[in-house]
Amino acid sequence: MTEVYRTGIGYDIHRLVENRPLIIGGIRIEHDKGLLGHSDAYVVLHAVTDALLGAAGLGDIGDLFPDTDPAYKDIDSRILLTKVMEKLAAANYTPTNLDIIIHAEVPKMSPHKKIIAASIAELTGLPTTHVSVKAKTNEGVGPVGQAQAIACTAVVMIQTTTT
Ligand code: MG
């Protein structure tokens, strides 16, 4: 019996605009702007979903849930992540841990890191101790630094057991 480990990386960025709620990792955060995008623009969940797909070699979020398909307009990203978790399970993969960086100049993410980690842990079936959420500003540089966008980088390890 051999245990196989694979890693995956995911990245996403969405523009910050007025009249949208700000939802990070499935958690609503009070802010005067929110993220613009097809579906619900959950930047962190999109990065996590892509990392999982990449690790399993199952394509990417754009392949599986194309933004040209009206079925995915305004769909809750938690549903997409749940679908991807089912695909991983069907392929005999289980995540072992996630490491996430939220790139945001505003609002301050540090007070929300634990609850975001708990939300992602619940969605992925991981213990909260295996979901790391870090936050970084962009030092005022570029679209993230100018508070025009929020980005996320996620790295995941998954494991499978083969006989
Ligand atoms: Mg996205």
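User: Buried means under 20% relative accessible area, exposed means over 50%, and partly exposed is in between (1.4 Å probe, protein chains only). So is Arg 78 buried, exposed or partly exposed?

Analyst: Quick background: this is a predicted model, where local features need pLDDT of at least 70, side-chain atom pairs count only at pLDDT 80 or more, and totals for chains, interfaces and linings use all residues. Residues are numbered from 1 along each chain as its sequence is written, and side-chain values use heavy atoms, with hydrogens and water left out. Arg 78 has 33% relative accessibility, so it counts as partly exposed.

User: Which residue forms a salt bridge with Arg 78?

Analyst: A salt bridge here is a side-chain nitrogen of Lys or Arg within 4 Å of a carboxyl oxygen of Asp or Glu. The structure holds two of them. In the one with Arg 78, the closest N and O atoms are 2.7 Å apart, and the partner is Asp 76.

User: How many residues apart are Asp 99 and Lys 134?

Analyst: Their side chains meet in a salt bridge, 3.1 Å from N to O. Asp 99 sits in strand E5 and Lys 134 in strand E6, so this pair links distant parts of the chain, 35 residues apart.

User: How many bridges join strand E5 to strand E6?

Analyst: Helices (H or I, at least four residues) and strands (E, at least two) are DSSP runs, numbered from the N terminus. Two strands pair if DSSP finds at least two bridges between them. E5 (residues 93–103) and E6 (residues 131–136) run parallel, and the number of bridges joining them is six.

User: Which residues coordinate the magnesium ion?

Analyst: Donors are N, O and S atoms within 2.8 Å of the metal (3.2 Å for Na, K and Ca), and sites may look incomplete because water is not among the atoms. The distances run from 2.0 to 2.2 Å, and the residues are Asp 12 (OD), His 14 (NE2) and His 46 (ND1).

User: Which parts does the pair Asp 12 and His 46 tie together?

Analyst: Both Asp 12 and His 46 are buried. They tie together parts that are 34 residues apart in sequence: strand E1 (residues 2–17) and helix H1 (residues 43–56).

User: How many of the 14 residues of H1 are buried?

Analyst: H1 is largely enclosed by the rest of the structure. That's because the number of buried residues is 13.
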